[in-house]
Amino acid sequence: MRKLAYLGPEGTFTEEALRIMSPDAERMPCPSVSAALDAVRREEADAAVVPLENSLEGGISSTLDELAWGQPLMIVAELLLPVRFSLLARPGTEIGHIKRVITHQAAQTQCRNFLARELPNAFVIAAASTAAAAQEVSLPGSPYDAAIGAAIAGEHYGLIEVASDIGDRSDTVTRFIQVTRPGPLPEPTGADRTSLVAYLADDHAGALLDMLSQFATRGINLTRIESRPTGDGIGQYFFHFDAEGHVSEARVGEALSGLHRISADVRFLGSYPRADGLSPRIRRGTTDVEFAEATEWLERIRKGT
């Protein structure tokens, strides 16, 4: 049985994602993204499941930074998980009796309308995570009447759903990734994504444009680009890229080679199937066949044949 580390504690949306991605795996909850990924690096776990980005709040900075530094890791799979918040309470609790609610700050923000409409007089207290909030409500003598979190947290801590799907946006999605130690890549499917990190060689006018041009000239669409500070001073950044396609494809491979030539460093984070199954639109002149024909044509010129 494979052991998968994940951002805990038990009852988080990350555990829900892990159950979908690897339902038969042994689950290893960790207190942070860093701890989950380090468990893989130390070979205490075969892989880790962590959140990468949210459709409302953007990239998860702790995950982005952990992938960029330290011993390299590789993304092998992703999952798009709809975020559905529930109001969880001890059995027998009615919504009119709820005066003190505990949850993570992000969950409170995403359930603002529900709280204002249904619990206008309730105090909302911040917790380290939605799962920790549910655990707190389940304790004997807890001062909190209810928690906002994932339905799975209610299962773990013996709470009932007083109200379900209480988020302000029903289309909120979090993208989770499964990360392993470097090894063989997943086979290309025709609907793949390639992730990488690039570091500027020097800061000059058009430096980011130079990077983006490596993709644009080869007809590669970027599905995400995000800057993160290097920590070396104000204005010093590195960049996360998600690109359509698999590194085994000529256009993607050449783009990465070009990026490597102009960057201080490039960290390859993996090529893996897209969770949404969308295939890229490959424009004329950028297919593998056309790259191969262009290479053969150039070789004939160089040989004078």
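R228 sits in strand β13, residues 222–229; strands here are DSSP runs of E with at least two residues, and helices are runs of H or I with at least four, numbered from the N terminus. This is a predicted model, where local features need pLDDT of at least 70, side-chain atom pairs count only at pLDDT 80 or more, and totals for chains, interfaces and linings use all residues. Residues are numbered from 1 along each chain as its sequence is written, and side-chain values use heavy atoms, leaving out hydrogens and water.

Is R228 buried or exposed? R228 counts as buried because its relative accessibility is 19%; the cut-offs are under 20% for buried, over 50% for exposed and partly exposed in between, with a 1.4 Å probe and protein chains only. Leaving aside residues up to four places away in sequence, R228 touches S61, L64, D65, Q236, Y237, F238 and H240, contact meaning heavy atoms within 4.5 Å. The side chains of R228 and D65 are joined by a polar contact of 2.8 Å. For that term, a pair of N or O atoms lies within 3.5 Å; within protein, one must be able to donate a hydrogen and the other to accept it, and residues adjacent in sequence count only if both atoms are side-chain atoms.

Next, a helix pair. Helix α2 (residues 33–41) and helix α3 (residues 61–68) have axes that come within 9 Å and cross at roughly 30°. The two helices are therefore roughly parallel to each other. On the α2 side, V33, S34, L37, D38 and R41 make the contact, and on the α3 side S62, T63, E66 and L67.

Note on methods: Axes are lines fitted to C-alpha atoms, for helices over the stretch in contact, and angles run from 0 to 180 degrees between N-to-C directions. Angles under 35 degrees count as roughly parallel, over 145 as roughly antiparallel, 65 to 115 as roughly perpendicular and the rest as oblique.
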